[in-house]
Amino acid sequence: MNSKKVNWAFLSLILLNIALYALMFICYAQGIAIFDIGIVANLLVSQMILISPAFLFALASRKKTETGRMNEMLGFHKIKISSFLMVLLFTFLIMPMSTALNAISMLFVDNTVNAISGDVLQMPFPVMLFMIGIFGPFCEEFVFRGIIFRGYKNSGSVFWSVFWSALLFGLMHLNFNQAAYAIALGIMFALLVEATGSLWSSVIAHMVFNSWQVCIMYLTDLIPAEVMGPEVELTQETLIAAIGPYLFAAAVATPLAVCVLIWLSKNERREAQFCSVCARRKEKKEAMVSIPLIIAIVLSLVCMSMEWIMALL
């Protein structure tokens, strides 16, 4: 898999999403309720749309003489127990950064996760924990840090591979709110893979991150209203007041997360590989940016802009 195939795979992903949204809109306009299938089925369909193009392109790119298994090709290598524990610490250290970016984005757009929280809470906790906390993260890491990130690495520097894979990870969500923090998380997850040399590290981190959010959502719903007190109206002023502490927590925790990455690279004996992330090599194996990538980015931004405009109406 190289950057050319990666870009075509991402374009295919975006076109599939656009086609699905167009079909849903037509059915809705005609009063046809075939897409009223519930949140579990919606999550399942969205992950299948995500994983199918990348998986097919990865299979097609394998050489006939290649004997390596798919898990080896994607980097599913074992990590030490000590590294596993530090990955857990790393995950909690990047949460303040994500929260701060989410709060900043909410100054301009609605919180997408909050918009679907009602549908989520109507389902049993184990079901949503599996779909959002386990199945979804595995599929996303398989595609973005497994196929896309490694595909870009085969074509150029690690630095730009981290950047482009993270950008596409953010754009994949097709809304400005999630894209704001997904890009930052994409960078941190790609660095985690480089530090450990294993895709399992980012899979674990992503699963813990999402599972924690699901747990918080359900635990908050269990707290009686009288204990929670009166609901504070979410205004620009309250958001701005909250952003300060979030940014302070992120400013403390994020550098610590980077220190954990450095420790992980030493623990897994990958100091040289991890240090090479900052070395933007001048020589190119192959151009990472191509026409399919540009088209995919433009289409993603158009969809995100339309979603933002429709939310304002």
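By class, how many nonpolar, polar and charged residues does the lining of the largest cavity have?

A: The lining has nine nonpolar residues, no polar ones and no charged ones. Nonpolar here covers Ala, Val, Leu, Ile, Met, Phe, Trp, Tyr, Cys and Pro; Asp, Glu, Lys and Arg are charged, and the others, Gly among them, are polar.

This is a predicted model, where local features need pLDDT of at least 70 and side-chain atom pairs 80 or more, while totals for chains, interfaces and linings use all residues. Residues are numbered from 1 along each chain, and side-chain values use heavy atoms, without hydrogens or water.

One cavity of 30 Å³ or more is counted. A cavity is a set of points on a 1 Å grid where a 1.4 Å probe fits but cannot get out; lining residues have an atom within 4 Å of a point. The largest cavity holds about 40 Å³, the space filled by probe spheres on its joined points.

Helices α1 (3–29), α2 (38–61) and α6 (125–153) each give at least two of the lining residues. Helices are DSSP runs (H or I, at least four residues).

These three helices also meet α7. The buried residues of α7 pack against α1, α2 and α6, and also α8 (176–196), α9 (199–222) and α13 (291–312). Contact means heavy atoms within 4.5 Å. W164 and F169 are among its buried residues. Just after α7, L174 takes a positive phi of about 60 degrees.

How values were computed:
1 Å grid on protein atoms, 1.4 Å probe; cavity = no way out; pocket = protein on both sides within 12 Å on 5 of 7 lines; lining within 4 Å. Buried < 20%, exposed > 50% of the residue type's maximum accessible area, 1.4 Å probe, protein only.
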